[in-house]
Amino acid sequence: MTVTIASITVGMNEIQWLGKCLESLTGSRTPGIEMKVWYVDNASQDGSASFVRERFPQVRVVENPGNYGFARANNIGMHAALAEGADYVFLVNPDTQTPPTLIHDLVGFMETWPDYAVVGPMQYQYDAASTALGDYNDWSKIALRSGERHAFAGDWPDHPSPAGPLEGRAPATLEHAYVQGAALLVRSTALRTVGVFDEVFHTYYEEVDLCRRARWAGWRVALLLNLGIQHHGGGGAGNGRYRRIHMRRNRYYYLLTDIEWNDRAVLRLSMRWLRRDLLGHSVGGQTSVLRGAIETVVAICWLLWRLPTIVKRRRTHRRMPTRHADALRKMQKTAS
């Protein structure tokens, strides 16, 4: 039986990267795998969508009328892929170059290890002249230093690791807190069980949330240490207002919808963050005290407006294990 995979690249005014990105994806060597490449455009003004249509006619292009953010734009692609029966979805940023055998190797891993819902390659520095892998980029270095600690270990080191037990673990894997959305392979069965990205995030933390939901539902999440991809970004998107606001508010939203944190710990960690945010020392970058205070008030108002959504998410998250058990039974029945 042929395995099917859809790669999804979301872009906004990133024409400078799209040629190399899509050239490497469409040139992937995938024997035994049917691969479809999607490009989802967030209202680019640089001609990105037209460029892709002309240069890569085999790539499916979706044009959004506005900036839908990373979460919603990827969801559009994922829903389309699921509707067409894709077995796997590979999310990959425009500023990447994919080695020729990476897709094949990622799918091969997932076919061999069905307990894994989300995996990703290590990230390496970008080289426009070649897809060969050189040195790790900043994100990979941080991931290796963090190891298998939880997402907020820098602020709260005593919280348990999200990693699964050593028994049953695949070799050469690191069960990091999350796989970055710049290069993330997810099993379609998992998406149908735990859902796609939570669009409330818009941009930032949506892939961290997807990974924790997959774990709550009983699957494993890991970086594959022997596989790699080039990624130019890899360490953040600068110190702009958009990044600061979204990372700040999304961090609180992520924490408030986490069913593994008790109320006392949530309050203490939130207050620790709040003091820093008001002083302009935000997770998304440094700014002035005045601007930090204003942006923090905006984030708090945003969170208050979404309290009903937060309550709803927590209820949904608590049902994850049952839903995964149902999905596994269906998979076993199909296999038999």
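**Entry 1: the whole chain**

I noted at the start that this is a predicted model, and I kept that in mind for every value that follows. I looked up the secondary structure and found 12 helices and 11 strands in the protein chain. The radius of gyration is 20 Å, close to the 20 Å that the globule rule gives for 336 residues, so the chain is as compact as a globular protein of that length. Taken along the principal axes, the box filled by the C-alpha atoms is roughly 55 × 50 × 35 Å.

I then asked what share of the 336 residues counts as buried. The value is 54%. For the surface, I wrote down an accessible area of about 15200 Å², of which 54% belongs to carbon and sulfur atoms. I also looked at contacts between residues at least 6 apart in sequence, and 77% of these join residues at least 24 apart.

**Entry 2: helix α2**

Which residues of helix α2 are buried? In this helix, which spans residues 48-55, they are S48, A49 and V52. They cover an arc of only 100° around the axis, which puts them on the same side of α2. I could connect this with a general rule: an α-helix has 3.6 residues a turn, so residues three or four places apart point the same way. I next looked for what covers these buried residues, and the cover includes α1 (15-26), β2 (33-42) and β3 (60-64).

I also looked up F51, which is in helix α2 as well. F51 counts as partly exposed because its relative accessibility is 21%, and buried would need a value under 20%. Leaving aside residues up to four places away in sequence, F51 touches I15, L18, G19 and F56. The C-alpha atoms of F51 and I15 are separated by 7.6 Å, although the two residues are 36 apart along the chain.

**Entry 3: aromatic rings**

How many aromatic pairs does the structure hold? I found 16, and I followed two of them in detail.

In the pair of W17 and Y126, the ring centres are 5.2 Å apart and the planes stand at 85°, so the pair is edge-to-face; the cut-off for that label is an angle over 60 degrees. This pair links distant parts of the chain, with W17 in helix α1 and Y126 in the loop between β6 (116-124) and α5 (138-146), 109 residues apart. W17 counts as buried, at 15% relative accessibility.

In the pair of Y205 and Y254, the centres lie 5.9 Å apart and the planes are at 45°, so this pair is tilted. Here too the pair links distant parts of the chain: Y205 is in the loop between α6 (188-194) and α7 (206-216), while Y254 is in helix α8 (residues 241-256), 49 residues apart. Y205 is buried, with a relative accessible area of 12%, and Y254 is buried at 6%. Both tyrosines belong to one aromatic cluster, formed by F152, W156, Y205, Y252, Y254, W261 and W273.

I then looked for charges over rings. The charged end of R251 sits over the ring of W273, 4.0 Å from its centre, and W273 is one of the cluster residues. In another place, the charged end of R72 sits over the ring of Y68, 3.7 Å from the ring centre.

A172 has a positive phi of about 55° although it is not a glycine. A172 is found in the loop between α5 and β7 (173-174), and A172 is partly exposed, with a relative accessible area of 33%. Y204 has a positive phi of about 85°, again without being a glycine. Y204 lies in the loop between α6 and α7 and counts as buried at 18% relative accessibility.

**Entry 4: M35**

What does M35 touch, not counting residues up to four places away in sequence? The list is I5, S7, L25, S28, T30 and I103.

Key:
Residues numbered from 1 in each chain as written. Predicted model: local features only at pLDDT ≥ 70, side-chain atom pairs only at ≥ 80, totals over all residues. Heavy atoms only, no water. Buried < 20%, exposed > 50% of the residue type's maximum accessible area, 1.4 Å probe, protein only. Helix = DSSP H or I, 4+ residues; strand = E, 2+ residues; numbered from the N terminus. Arc of directions from axis to C-beta. Contact = heavy atoms within 4.5 Å. Phe/Tyr/Trp six-rings, centres within 6.5 Å; stacked < 30°, edge-to-face > 60°. Lys NZ or Arg CZ within 6 Å of the ring centre and 35° of its normal. Rg over C-alpha atoms; globule rule 2.2 N^0.38 Å. Areas by Shrake-Rupley, 256 points an atom, 1.4 Å probe, with all protein chains shown as cover.
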